[in-house]
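Subject: Structure for your files

Hello,

The structure we spoke about is below. My notes on it follow, with the cut-offs given where each term comes up.

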Amino acid sequence: MEYSVKSGNPEKQRTACVVLGVFENRRLSAAAAQLDKASGGYLSNLLRRGDLQGKSGQTLLLHGVPETLCDRVLLVGCGRERELDDHKYQDAVAAAARVLNESGATEAVTYLTDLNLKGRDLPWRVRRCVEATEQALYRFDQLKSKQDKIVRPLRRLVISVPSRRDLPEGEQAAEVGQCVAAGVSLARDLGNLPGNICTPGYLADQARNLRKQHKKIQVEVLEQADMEKLGMGALLSVARGSRQPPKLIIMNYRGGARGDKPVALVGKGVTFDSGGISIKPGAAMDEMKFDMCGAASVFGTLSACARLGLPLNVVGVVPATENLPDGDASKPGDVVTTLSGQTVEILNTDAEGRLILCDALTYTERFEPRSVVDIATLTGACVIALGNHAAGLLGNHHPLINDLLNAGRHAVDRAWELPLWDEYQEQLKSNFADMANIGGREAGTITAACFLSRFTKKFHWAHLDIAGVAWKSGKDKGATGRPVPLLTQYLLDLCEQS
Ligand code: BES
Ligand code: MN
Ligand code: ZN
């Protein structure tokens, strides 16, 4: 879709549709009031008759509104004026996008960006308008034999800004929004692809694709033999049960100066997690194709970085493997030696994410990173603790944790910190190796992070457990693309700081 930015009165827009906000109890937004006045009170008359209450998500499409130059007017409910927040704003934008896309209007001018949102400036509102629109119109139908194509989809969205002076800022915000949205879509596509298509090898090919699209991205893929030579016993132990060879994918985005230390993003890439010998129950096991959403977010964020042309270096590291049961698979009780030299007793083969991440994290030392963030659908316990609203966040460096918390708030892709106190480390004791790969029922998200913390002592590190936010279950089952907005915002903020 095409986006542009414009200033001017709503009744003067020569367009297929003008989009206006209406608050609960039939209160018109400023732009709606302006068009209402020009039309001789046409909108307020309709509202008085009870056609639209203004509840969040409600819409009403009108044709032939007098004294306007547009073919249609779309009224969008925004809820109570004083309660308008980030989420209700996005809901309104998304509702508008869905109706427009099926209305026959191929172009529209939206005034939703004119709404007042506490603490959110115009560039923020424009950017989120683009991102929420793209998110709402996202479809994953590449695997359906018949795709029900919308006959006249929305092709161009014009975003209103208050005055001509706001145009440059608005245009830039729309551009940033499109870059982030493209990263989110890529992450969603990779997440939604099934395990028989999106294998470790497929992910490696996608990395090479990214390199083809962006000159500033370099790619290296380590094969099983390379991992054996290096001594990545933990990563390899997970791959043993699979016919698909594991890959360690390294993507280097070089937007900064040669000597600039990179930010490292390490993403869990388990393309299907059956649990291995500690096999999972059957219910909803299909959703374990989403166990590579951490990896997908690394791909999405790197692609967003490249599109934005961010002036910094970012290295993405993705350990990719399946976790399957087999005669050759790792068994509970097996002891393996990690790349760091530390040994691990595998008490549960379903705690495989930390096993592949620990070797990838140790490998990341060689990049001398300024900070390392790993992103993983690591624990079901995180879904119990935080539900679907926030990613779990733990780490060894508070400034980094705060940067990520702030980035998440700004991007409406929030994380919430959990403690990583030493006391929890005791749960990882093993009688037979340096540590066990599980820490018992209690504080499962924290003990998983404790495990990782033993491999991250040499750098500033934070861990995002995205098990609750990376995909949705139920009738809207599918990948969300989170936390690409958070990660991209973190990198954007780093560019501002320096
Ligand atoms: N990929 C899962 C975590 C997961 C489970 C995410 C369900 C979302 C929904 C991970 O590999 C896993 O199986 N973790 C185990 C760890 C346990 C064995 C210590 C879990 O959470 O049950
Ligand atoms: Mn598992
Ligand atoms: Zn897993």
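**Zinc site**

Lys268 (NZ), Asp273 (OD), Asp291 (OD) and Glu352 (OE) coordinate the zinc ion (ligand 3) at 2.0 to 2.4 Å. Donors here are N, O and S atoms within 2.8 Å of the metal (3.2 Å for Na, K and Ca); water is not among the atoms, so sites may look incomplete. This is a predicted model, in which local features need pLDDT of at least 70 and side-chain atom pairs count only at pLDDT 80 or more, while totals for chains, interfaces and linings use all residues; side-chain values use heavy atoms, with hydrogens and water left out. Residues are numbered from 1 along each chain as its sequence is written, and chains are lettered from A and ligands numbered from 1 in the order in which they are written.

The site of the zinc ion (ligand 3) is octahedral, with angles of 79 to 175° among its 6 donor atoms. For the geometry labels, four donors are tetrahedral if all angles lie between 85 and 135 degrees; four are square planar and six octahedral if opposite donors are over 155 degrees apart and all others between 65 and 115; anything else is irregular. Along the sequence, the donor residues of the zinc ion (ligand 3) are spaced K-x4-D-x17-D-x60-E.

Lysine 268 is buried at 2% relative accessibility, and aspartate 273 is buried at 3%. (Buried means under 20% relative accessible area, exposed over 50%, partly exposed in between, with a 1.4 Å probe and protein chains only.)

**Manganese site**

The manganese ion (ligand 2) is coordinated at 2.0 to 2.2 Å by Asp273 (OD), Asp350 (O), Asp350 (OD) and Glu352 (OE). Its 6 donor atoms subtend angles of 69 to 166°, so the arrangement is irregular. The donor spacing along the chain is D-x76-D-x1-E. The manganese ion (ligand 2) lies 3.2 Å from the zinc ion (ligand 3), and aspartate 273 coordinates both. Aspartate 273 is in strand β11 (residues 269-273) and glutamate 352 in the loop between β14 (343-345) and α10 (353-364), so the pair ties together parts 79 residues apart in sequence. Helices (H or I, at least four residues) and strands (E, at least two) are DSSP runs, numbered from the N terminus. Glutamate 352 is buried, at 1% relative accessible area.

**Ligand 1**

Ligand 1 is surrounded by 16 residues, the closest being Asp273, Asp291, Asp350, Glu352 and Gly380; a residue counts if one of its heavy atoms lies within 4 Å. Its polar contacts (pairs of N or O atoms within 3.5 Å) include these:

- An oxygen atom of ligand 1 lies 3.2 Å from a polar side-chain atom of lysine 268.
- A nitrogen atom of ligand 1 lies 3.4 Å from a backbone N or O atom of leucine 378.
- A polar backbone atom of glycine 380 is 2.7 Å from an oxygen atom of ligand 1.

On its own, ligand 1 has 510 Å² of accessible area, of which the protein covers 76% (Shrake-Rupley method, 1.4 Å probe).

**Two other residues**

Threonine 301 sits in helix α9 (residues 293-308) and is buried at 0% relative accessibility. Neighbours within four places in sequence aside, threonine 301 is in contact (heavy atoms within 4.5 Å) with Leu265, Val484, Leu487, Thr488 and Leu491.

Glutamine 427 is in the loop between β17 (415-417) and β18 (435-436) and is partly exposed, at 25% relative accessible area. The side chain of glutamine 427 reaches the backbone oxygen of glutamate 442 at 3.1 Å.

Regards

Definitions and conventions. Polar contact = N/O pair within 3.5 Å; in protein donor to acceptor, adjacent residues only side chain to side chain.
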